[in-house]
Amino acid sequence: VAAAAAAMAGILAWFWNERFWLPHNVTWADLKNTEEATYPQVEDLYLAFPLAFCIFMIRILFERFIAKPCALGLKVQANGPQKAQPNAILEKVFTAITKHPDEKRLEGLSKQLDWDVRSIQRWFRQRRNQEKPRILFLLFFMQWCFIFCLFIFQDFSIMFTHHIVAVLLLIISYVVNFTRLGTLACCLHDVVDFVLEAAKMANYCKFQKLCDFLFLSFAIIFIITRLGLLIFSQPSF
């Protein structure tokens with residue numbers, strides 16, 4: 001245990017080398033809190049875990065009690081294909097006789113069940129859709145495996161690395177007291193996110209013109225903030 005602790009201490013000492021992280025004639029002792037000044041501390045980052053949990057719970061409550069009712073009010077379809085309602089007579093025809101009844105059989109079933117022909121046609125269509133996963137299960141499984149492999153080895157690895165690097169940059173900027181730089185990066189990166197999410201919601205609600213306008217706004221703000229302000233804004237430290 002003592003050897004492991006000593007090894008870990010050596011690794012941390014190497015990683016937090018003052019010559020690499022801090023300017024000349026500045027040490028970690030200079031960044032300790034005093035009565036005259038308060039500096040960011042590594043221990044402050046522990047608060048991120050309970051805060052993340054609280055934000056996650058707020059998101060669940062928001063989605064359940066606010067977002068979902070609003071989506072239903074805007075006619076956003078949340079469910080997949082509808083299942084055919086149970087009916088013994090139609091089920092017997094479907095499984096034993098035919099899955100595509102002709103006009104004559106549809107009229108006979110309509111009189112027998114006191115349903116209109118369109119309702120019976122809809123029932124058979126929904127029932128056929130329920131059969132598709134069984135028939136095409138292997139094909140869909142192979143396709144999803146292929147997509148999953150592409151996702152893992154291309155986009156997923158890139159996006160995962162991107163988020164890890166972003167989190168590390170924020171942590172480092174806080175620890176070494178470059179808080180203004182970290183805040184600037186957060187503001188310039190996050191200011192465009194809500195526009196993109198609004199464009200997605202407009203697309204889900206079938207508001208195509210609004211979606212196009214928001215996406216154009218997203219592109220303009222993205223270029224200005226990330227390719228303009230982020231590069232040329234250099235706060236003094």
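Helices (H or I, at least four residues) and strands (E, at least two) are taken here as DSSP runs and are numbered from the N terminus. On this basis, the elements of the protein follow one another from the N terminus as α-α-α-α-α-α-α-α-α-α, and the secondary structure comes to ten helices and zero strands. The model is a predicted one, in which local features need pLDDT of at least 70 and side-chain atom pairs count only at pLDDT 80 or more, while totals for chains, interfaces and linings use all residues. Residues are numbered from 1 along each chain as its sequence is written, and side-chain values use heavy atoms, with hydrogens and water left out.

Exposure to the surroundings was described by relative accessible area, where buried means under 20%, exposed means over 50%, and partly exposed lies in between (1.4 Å probe, protein chains only). Of the 237 residues in the protein, 16% are buried.

A salt bridge was counted where a side-chain nitrogen of Lys or Arg lies within 4 Å of a carboxyl oxygen of Asp or Glu, and a search of the whole structure finds three of them. In one, the side chains of Glu63 and Arg59 meet at 2.9 Å, N to O; the two residues are four apart in helix α3 (residues 48-73), and therefore about one helical turn separates them. Within this pair, Glu63 is partly exposed at a relative accessible area of 39%, whereas Arg59 is exposed at 53%. Another salt bridge joins the side chains of Asp193 and Arg226 (3.9 Å, N to O). Because Asp193 belongs to helix α9 (residues 193-204) and Arg226 to helix α10 (residues 208-232), this pair ties together parts that are 33 residues apart in sequence. Asp193 is itself partly exposed, with a relative accessible area of 34%. The side chains of Glu197 and Lys200 also meet in a salt bridge (3.8 Å, N to O), and both residues lie in helix α9, three residues apart, which is about one turn of the helix. Glu197 is partly exposed at 40% relative accessibility, and Lys200 is likewise partly exposed, at 37%.

The largest pocket holds about 790 Å³ of space, where a volume is the space filled by probe spheres set on the points, and grid points are joined across faces, edges and corners. Its lining consists of 24 residues, of which His162, Ala166, His189, Asp190 and Arg226 lie nearest the centre. Helices α7 (137-175), α8 (179-190), α9 and α10 each supply at least two residues of this lining, and α7 gives the most, with nine residues. Sorted by class, the lining of the largest pocket has 14 nonpolar, five polar and five charged residues, with Ala, Val, Leu, Ile, Met, Phe, Trp, Tyr, Cys and Pro counted as nonpolar, Asp, Glu, Lys and Arg as charged, and the others, Gly among them, as polar.

The second largest pocket has a volume of about 550 Å³ and is lined by 19 residues, of which Phe62, Ala67, Ala71, Met201 and Tyr204 lie nearest its centre. The elements that give two or more residues to this lining are α3, α9 and α10, with α3 giving the most, eight residues. The lining of the second largest pocket comprises 14 nonpolar, no polar and five charged residues.

Asn25, in the loop between α2 (18-21) and α3, has a phi near 70 degrees, a positive value in a residue other than glycine, and is exposed, with a relative accessible area of 66%. Lys206, in the loop between α9 and α10, has a positive phi of about 70 degrees although it is not a glycine, and counts as exposed at 71% relative accessibility.

Terms used:
1 Å grid on protein atoms, 1.4 Å probe; cavity = no way out; pocket = protein on both sides within 12 Å on 5 of 7 lines; lining within 4 Å.
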